[in-house]
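Good morning, everyone. Please take a moment with the sequence and the model before I start.

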Amino acid sequence: VIEKKQMASVGPFTRVLLTDCPALHCFLNAPIAISRLALFIADAQREAGRRARPVVLAAPDSASRTHLVVAVTGSARFGDVSKNKFGTRFRKAADEMGAHVKHERFDTATIEVASSDLQVFLTNLVHMCR
């Protein structure tokens, strides 16, 4: 992800869009694995001397034509904990645009978005976070 430059600073967070690749099947239907990857990216950015920022990561599921989107908060130091407000922001961004989403997981900072709605959803999310 880091070497392929699949990350971009977008508004107040870092956006990561995973692309179809052979190893991607390991992450599908595994929001915990995707969340751990997002945490790894947040930690890697901090270790590289960058400002701590939340990470929003989207992983495609081409079979269902959706993206699993997770968000983790960035922390200034390893082990810091801060409240993750992305669950509410996800709902608001989806409601505002009438997106086709599933927001039924235990972790509210995880949402499944129709691939056709992903870009608009992420744009709305940037506006929700300002």
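First, a caution. This is a predicted model.

Now the overall build. The chain has 130 residues, and 39% of them count as buried. It holds 3 helices and 6 strands. How do the elements run from the N terminus on? The order is β-β-α-β-β-α-β-β-α.

Next, contacts. Take those between residues at least 6 apart in sequence. Of these, 57% join residues at least 24 apart.

And the surface. The accessible surface of the chain is about 7600 Å². Carbon and sulfur atoms make up 53% of that surface.

Let's move to one strand, β6. It spans residues 110-114. How many of its residues are buried? The count is 5 of 5, so the strand is mostly covered, with buried meaning under 20% relative accessible area.

Look at the side chains there. In a regular strand, side chains alternate between the two faces of the sheet. In β6, Thr 110, Glu 112 and Ala 114 point one way. Ile 111 and Val 113 point the other way. Residues on both sides are buried.

Which strands pair with β6? One of them is β4, residues 66-72. It is joined to β6 by 5 bridges, and the two run antiparallel. Find Leu 68, and you will see Glu 112 of β6 opposite. Another partner is β5, residues 101-102. Here 2 bridges make the link, again antiparallel. Val 101 stands opposite Val 113 in β6.

Now the salt bridges. The structure has 2. Start with Arg 46 and Asp 43. Their closest N and O atoms are 2.8 Å apart. Where do these two residues lie? Both are in helix α1, residues 31-47. They sit 3 residues apart, about one turn of the helix.

Is Arg 46 buried or exposed? It is buried, at 12% relative accessible area. Asp 43 is partly exposed, at 23% relative accessibility.

The other bridge links Glu 47 and Arg 46, at 3.5 Å from N to O. Glu 47 counts as exposed, because its relative accessibility is 63% and the cut-off is over 50%. Shared partners join Asp 43, Arg 46 and Glu 47 into one salt-bridge network.

To recap: β6 is a covered strand with 5 of its 5 residues buried. And Asp 43, Arg 46 and Glu 47 form one network of salt bridges.

Technical notes: Residues numbered from 1 in each chain as written. Predicted model: local features only at pLDDT ≥ 70, side-chain atom pairs only at ≥ 80, totals over all residues. Heavy atoms only, no water. Salt bridge = Lys/Arg side-chain N within 4 Å of Asp/Glu carboxyl O. Helix = DSSP H or I, 4+ residues; strand = E, 2+ residues; numbered from the N terminus. Buried < 20%, exposed > 50% of the residue type's maximum accessible area, 1.4 Å probe, protein only. Contact = heavy atoms within 4.5 Å. Areas by Shrake-Rupley, 256 points an atom, 1.4 Å probe, with all protein chains shown as cover. Pairing = 2+ DSSP bridges.
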